[in-house]
Amino acid sequence: MAKIKLTLNGELRTIDVEPNDILLDVLRDKLGMKSPKCGCERGDCGACSVLLNGKSVRSCLVFAIEVDGQEVVTLEGLSENGLTTLQKTFLEFNSFQCGFCAPGVIISATELINKNPNPSTEEIKEAISGNLCRCTGYQPIIDAMKHCTSNK
Amino acid sequence: MEEYKYIGQPIVRIDGLEKISGAAIYADDIDFGTNLLYAEVVESTEAHALIKSIDTSEAEKVLDVVKIFTGKDFPFKFGLYMKDRYIFAQDRVRFIGEQIAAVVARNPKAAKRAAKLVKIEYEKLPVLVNQMDSFKDPEILIHPELDEYTHVPWFFPKTKTNVAHWRKTRKGDTQKGFAEAYYILEDTYTVPRYAHCAIETHVAIAKYDLSGRLTVWASSQSPHTQKNLFAEALAPLGLTHKDVRVIAPHVGGGFGGKAGVTMEIIAAAISTKLKGFPVKMRWSREQEFYNTYQRLGVIAELKIGVTKEGKITALDHKLYWDAGAYVEYGANVVNAVGLSAIGPYRVPNISIDSICIYTNLPPCGAYRGFGYSEFLFGLESHMDRIAEKLNIDPIEIRKINAIREGDKTAYGADMNPNGLFEAIDKVVKEIEWDKKIVSENEDKVIAKGFALFWKAPAMPPNASSSAFLKFNEDGSINILVSAMDIGQGFLTVMAQIAAEILSVPVSKIRVENPDTDRNPYEWQTVASHITWSCGNAVKNAAINAREQILQIVARTLRLPKEDLYLDDEKVKCKTKQDFGLPLREFVVAGIQAEDGTFKGGPINSSGIFMPEFSSTNGDPETSQGGHPNVHYTVGAGALTLEIDKKTGKMKVLKVVEAIDCGKVINSSLAKGQVVGGLVQGLATVLYEDMRFDKNGKLLNPNFTDYKIPTALDIPEEIVPIFIEVEQPDGPFGARGMGEHTMLPAAPMVANAIYNALGIRLKSMPLTAEKVAMAILNNSK
Amino acid sequence: MSLTHDFEYFKPKTLNEALDFLAQFGSKAKILAGGTDLILRIKEGFETPDALIDVKGIKELNRIELVDNVLFIGANITFSELIESEIIKDNFHLLWESSKTVASVGTRNRATITGNICSAVPSLDSGPALLVYNAEVLVKNSKGERKISIHDWFIAPKKTAIKSDEMVIGLLIHKHGKKNGTCYMKLGRYTGEDLAQAGVGILVSEENEYRIAFCAVGPIPKRFTKIEALLNGKTLNGELIKEAQLLALSEISPITDIRATKEYRNHMIQVMIERGLKTSIERLNK
């Protein structure tokens with residue numbers, strides 16, 4: 001067992017982990033963050049995406065112990081001070097159906113907009129291409145992101 | 001056209017906020033505390049074998065293991081339409097991945113470690129991985145006790161064979177019909193299996209408490225049906241329906257895969273021996289591929305005869321279905337197709353044989369489209385081919401044969417009102433069918449493809465929905481139903497229906513996921529029938545509530561009931577302009593009369609809907625008689641496809657789909673179904689490619705090698721068109737559409753490929769590789 | 001989801017610390033950088049290390065530097081960092097283009113090019129570019145360091161020339177002296193992320209020097225030496241392309257697996273060579 005410290009959604013958290021504990025499991029089972037989801041365990045689907053030091057990563061392919069001393073942000077952290085403009089636009093556009101891919105998509109979309117406030121449609125598609133969605137066919141997600149960013 | 005306030009509007013879905021904020025709870029998100037146990041299943045590595053022994057001794061020694069279960073603990077059968085399935089394999093295994101045992105431990109790692117230590121000894125049996133071999137080879141029976149299985153009366157298993165059900169439809173005289181034909185085309189089309197790939201895998205947590213009451217939390221499309229199947233299967237343990245409760249949280253995608261019962265029954269069963277402790281089972285992505293329902297595979301032999309003018313004289317359709325090791329649900333897919341495999345056409349002479357065949361591959365079941373995608377691939381390809389041979393425009397040949405209201409369906413019932421012709425015309429116009437597009441790139445060719453589609457809900461004749469409705473002190477409403485929002489947005493649609501009738505805005509109506517103890521019965525969320533069926537139940541409940549409201553106001557305030565109406569959350573009076581009593585003042589508290597007493601009380605109502613005209617008593621040899629399908633939704637689709645002749649890579653430049661879903665209740669959500677369904681449909685024809693080896697092992701049970709589309713793989717333009725021919729018995733005239741949007745995808749692509757290259761591909765999927773190699777082989 | 005295999009975890013602060021751990025554990029330790037490959041292999045039971053040495057804290061491995069026309073890419077550099085680097089985009093364009101085709105953003109933010117070459121899977125996207133650029137792999141153990149030419153690095157599928165007590169420090173690439181145009185063509189099953197079923201990396205210089213390498217159609221990635229011998233010094237024309245395509249078939253040995261048949265791979269390599277050459281020349285002339 002090792003004790004690790006991480007900044008989770010802006011808050012310092014301390015937790016005991018085994019070296020082989022997966023970050024996704026620790027976030028969900030020990031740190032109370034249910035938004036990152038388990039979809040495939042192989043890094044193929046992106047449902048587990050979180051921001052690690054500002055960059056989206058597949059938390060199913062990260063050991064919790066690796067994030068000692070680092071910053072993790074999940075969807076819960078994004079919503080803390082009220083919905084972001086991006087979230088509000090997704091809501092307005094009915095962008096999601098079952099919602100299971102939504103946390104991962106929102107993390108990827110947030111990362112894109114943070115570094116590129118005015119992305120092209122191709123850049124939007126590329127940014128979320130690592131998030132598999134089976135319900136929507138992606139168009140309403142892309143439309144919302146386009147709408148949200150082209151108004152800037 | 002009536003003007004509605006809420007019906008038809010693109011209202012924001014009422015569960016949207018939960019989903020984009022991270023608040024939405026799915027089954028695996030629920031916390032059960034430190035008592036939670038974890039179950040890991042031990043699976044068969046053989047596709048067909050007798051189980052000689054199961055040695056759990058090493059596994060039992062692993063620290064934190066609590067109990068290990070095998071088939072002998074639960075020798076009970078279960079199944080939706082047929083009871084041919086076991087909680088754990090009994091004397092034999094029938095597919096690779098079938099559950100043989102379950103290890104329960106206090107933490108997931110221990111369960112996993114121990115499961116690896118369980119040793120199974122097999123005595124191999126011959127393996128049947130091809131439905132034609134299984135059909136023709138009666139010496140190897142996958143279910144030797146087929147005769148003993150109970151099943152719905154409208155299934156016809158064939159004794160001493162691997163045929164679990166044979167649906168025959170016969171109408172007129174096909175021999176005569178073919179004799180009259182000017183041209184006959186006969187060919188075979190092959191469609192393989194497909195996987196649902198909902199991003200959330202199956203999850204079930206079961207708790208059998210110290211008082212003997214079983215609760216199951218499951219990601220499910222069918223909480224009440226699951227409750228029923230658990231109670232039936234586990235009755236030998238003393239459970240009754242009153243003891244069983246299913247709670248269904250948000251579902252991360254269903255597509256039919258979470259209908260019926262699959263792995264949930266394992267959790268339910270083992271929990272009864274773990275009294276007081278909740279036990280969780282969560283399927284990995286691999287298990288989701290090989291041990292839940294798959295979409296059936298089919299080999300379809302189609303023969304159609306036509307007059308010189310293109311009118312169909314006879315149709316003979318033989319469909320050999322690969323239904324897998326257990327067919328308790330899949331057999332109904334076979335049945336549904338057997339009743340409808342003429343497509344949306346007038347056919348005077350019909351012979352359909354839809355045959356459900358056992359194989360040693362994963363069990364198949366409900367998948368969006370329920371067999372219709374599978375047969376429409378061949379049928380709509382066939383129609384294009386016939387048109388070309390007769391020198392008739394492919395659109396024209398559809399119109400010549402298109403089914404109309406009042407025509408007879410294949411089993412002799414009347415076809416419902418429908419806008420098929422309107423759909424065809426609008427699609428043709430939007431895709432600019434006659435306009436040829438030439439690519440600027442000499443390596444590329446662009447062509448268009450067209451297809452019709454139809455589907456009816458495949459349900460037992462007494463599938464029903466019910467709803468409870470109650471008011472809160474502020475005039476807001478709770479609606480309790482047991483249908484499931486699997487993404488389609490039905491919760492919002494129910495709120496819109498109630499909002500329209502009761503004049504309460506959608507934002508003040510809560511419709512949420514069910515608890516079978518509190519929410520009234522719903523058969524299943526399948527068949528694209530919930531807007532119609534549950535919508536009717538909610539409509540009835542709302543009308544009932546409105547009746548109570550107007551009644552109490554009339555009698556207490558002595559106003560003529562016929563002059564009262566609801567508007568803007570108030571009761572108003574046509575003959576008294578200044579009268580407006582806010583609902584919130586009395587819907588819980590009652591109305592105070594002049595003498596100071598209170599009249600009325602809480603407004604609570606209920607509504608049900610069950611079609612009373614549906615029946616399955618058709619003749620077993622002809623399917624004539626009876627009314628097995630409530631109504632059909634029809635439509636048409638066309639796409640513009642660009643093909644790179646060197647690489648075979650295809651790009652959908654534009655796809656148009658017109659669907660007659662009756663009254664569109666939520667235009668935004670309806671559009672969502674078209675876009676999502678088309679992308680899923682196109683994926684089955686262009687990308688998804690399930691591979692088994694000859695021993696029955698699934699070689700690509702992951703997203704690395706079973707490719708579902710990403711945001712980079714979608715059509716450039718999708719145009720949904722809604723035709724709104726009223727469904728007479730639908731709420732506000734609505735009809736279902738959730739599955740239908742997928743249906744035309746495969747034949748549109750096949751027809752476009754032919755129109756572009758002159759190459760007819762008859763075996764799905766139609767990948768870039770297949771197209772490129774076909775082009776190469778053609779040029780030799 | 002849980003891993004059942006136990007191991008010790010170390011996060012050395014300096015390179016020497018890391019090398020000491022390696023010396024201690026030898027083949028029983030694995031270097032953990034991005035982990036997108038390694039962690040999956042541990043999950044699936046293909047790797048069972050006793051120790052993981054997390055090198056992400058070693059600052060000197062985090063550099064991309066171009067000094068005296070020699071590029072150094074540190075072992076911790078991710079594909080995302082390569083894509084965001086102006087140095088890579090402007091001077092090693094084939095590597096930049098190849099990096100963009102690897103998986104998707106979330107994986108590229110963690111996966112390192114070093115990890116990619118250490119995995120030595122036949123389909124690795126960084127293979128062709130590194131071969132075209134004649135890269136060198138800088139490896140070190142507690143006793144010293146050595147350079148291994150990329151042409152000697154790949155031994156067999158999933159096997160490299162590295163010794164069990166060595167770790168990769170980074171990659172060294174000499175900048176090509178002449179103006180050139182490059183192109184990476186990758187065959188996937190669709191536009192979304194996929195492992196290459198065939199890959200071709202091409203460089204054409206203003207002096208008609210041709211460098212062409214493949215991945216995914218042989219046990220290890222390699223240069224098309226016969227095609228280069230055919231084309232070097234010549235201006236490309238239709239006939240030469242046809243000859244090159246024929247030669248290609250003799251230099252590759254694709255297999256049939258669930259991703260593609262060898263017939264399709266053979267065919268596509270020919271298509272990709274033609275299109276890749278034409279595109280490289282277009283870019284050269286821009």
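## Domains 2 and 3 of chain B

In this predicted model, the C-alpha centres of domain 2 and domain 3 of chain B are separated by 39 Å. The contact between them (heavy atoms within 4.5 Å) takes 22 residues from domain 2 of chain B and 20 residues from domain 3 of chain B. Chain B is assigned domain 1 (34-125 + 206-281), domain 2 (297-459 + 616-779) and domain 3 (462-609); such bounds come from an automatic or database domain assignment.

About 1,600 Å² is buried between domain 2 of chain B and domain 3 of chain B, with 68% of it on carbon and sulfur atoms. Buried area here is the accessible area (1.4 Å probe) that two parts lose on being put together, summed over both. On the side of domain 2 of chain B that touches domain 3 of chain B, there are 11 nonpolar, eight polar and three charged residues. In this classification Ala, Val, Leu, Ile, Met, Phe, Trp, Tyr, Cys and Pro are nonpolar, Asp, Glu, Lys and Arg are charged, and the others, Gly among them, are polar. Between domain 2 of chain B and domain 3 of chain B the count of salt bridges is zero, a salt bridge being a side-chain nitrogen of Lys or Arg within 4 Å of a carboxyl oxygen of Asp or Glu. Six residue pairs are in polar contact between these two domains (both at pLDDT 80 or more). A polar contact is a pair of N or O atoms within 3.5 Å; within protein, one must be able to donate a hydrogen and the other to accept it, and residues adjacent in sequence count only if both atoms are side-chain atoms.

## Basis of the values

Residues are numbered from 1 along each chain as its sequence is written, and chains are lettered from A and ligands numbered from 1 in the order in which they are written. As this is a predicted model, local features need pLDDT of at least 70 and side-chain atom pairs count only at pLDDT 80 or more, while totals for chains, interfaces and linings use all residues; side-chain values use heavy atoms, with hydrogens and water left out.

## The interface of chain B and chain A

The contact between the chains takes 54 residues from chain B and 46 residues from chain A. It buries about 3,900 Å², of which 56% is given by carbon and sulfur atoms. B:Ile20, B:Ile199 and B:Ala711 supply 18% of the area that chain B buries against chain A, more than any other three residues.

Six salt bridges are found across the interface of chain B and chain A. In one salt bridge, the side chains of A:Arg134 and B:Glu688 meet at 2.9 Å, N to O. There are also 27 residue pairs in polar contact across the interface of chain B and chain A (both at pLDDT 80 or more). Helix H1 (16-21), helix H8 (285-290) and helix H15 (667-686) of chain B are the elements that give two or more residues to the side of chain B that touches chain A; helices (H or I, at least four residues) and strands (E, at least two) are DSSP runs, numbered from the N terminus. H15(B) provides the largest share of that side, nine residues. By class, the side of chain B that touches chain A has 25 nonpolar, 18 polar and 11 charged residues.

## The two domains of chain A

Chain A comprises domain 1 (2-76) and domain 2 (85-151), whose C-alpha centres lie 22 Å apart. In their contact, 17 residues of domain 1 of chain A meet 11 residues of domain 2 of chain A. The area buried between these domains is about 1,100 Å², with 65% given by carbon and sulfur atoms. A:Lys37, A:Leu51 and A:Leu75 lose the most area in domain 1 of chain A to domain 2 of chain A, together 40% of what that side buries.

Between domain 1 of chain A and domain 2 of chain A there are zero salt bridges and four residue pairs in polar contact (both at pLDDT 80 or more).

## Salt bridges

The whole structure holds 79 salt bridges over all chains. B:Lys168 and B:Glu621 form one of them, with closest N and O atoms 3.3 Å apart. This pair links distant parts of the chain, 453 residues apart: B:Lys168 is in strand E9 (residues 163-171) of chain B, and B:Glu621 is in the loop between strand E27 (604-609) and strand E28 (633-644) of chain B. B:Lys168 counts as buried because its relative accessibility is 18%, whereas B:Glu621, at 46%, counts as partly exposed. Buried means under 20% relative accessible area, exposed over 50%, and partly exposed in between (1.4 Å probe, protein chains only).
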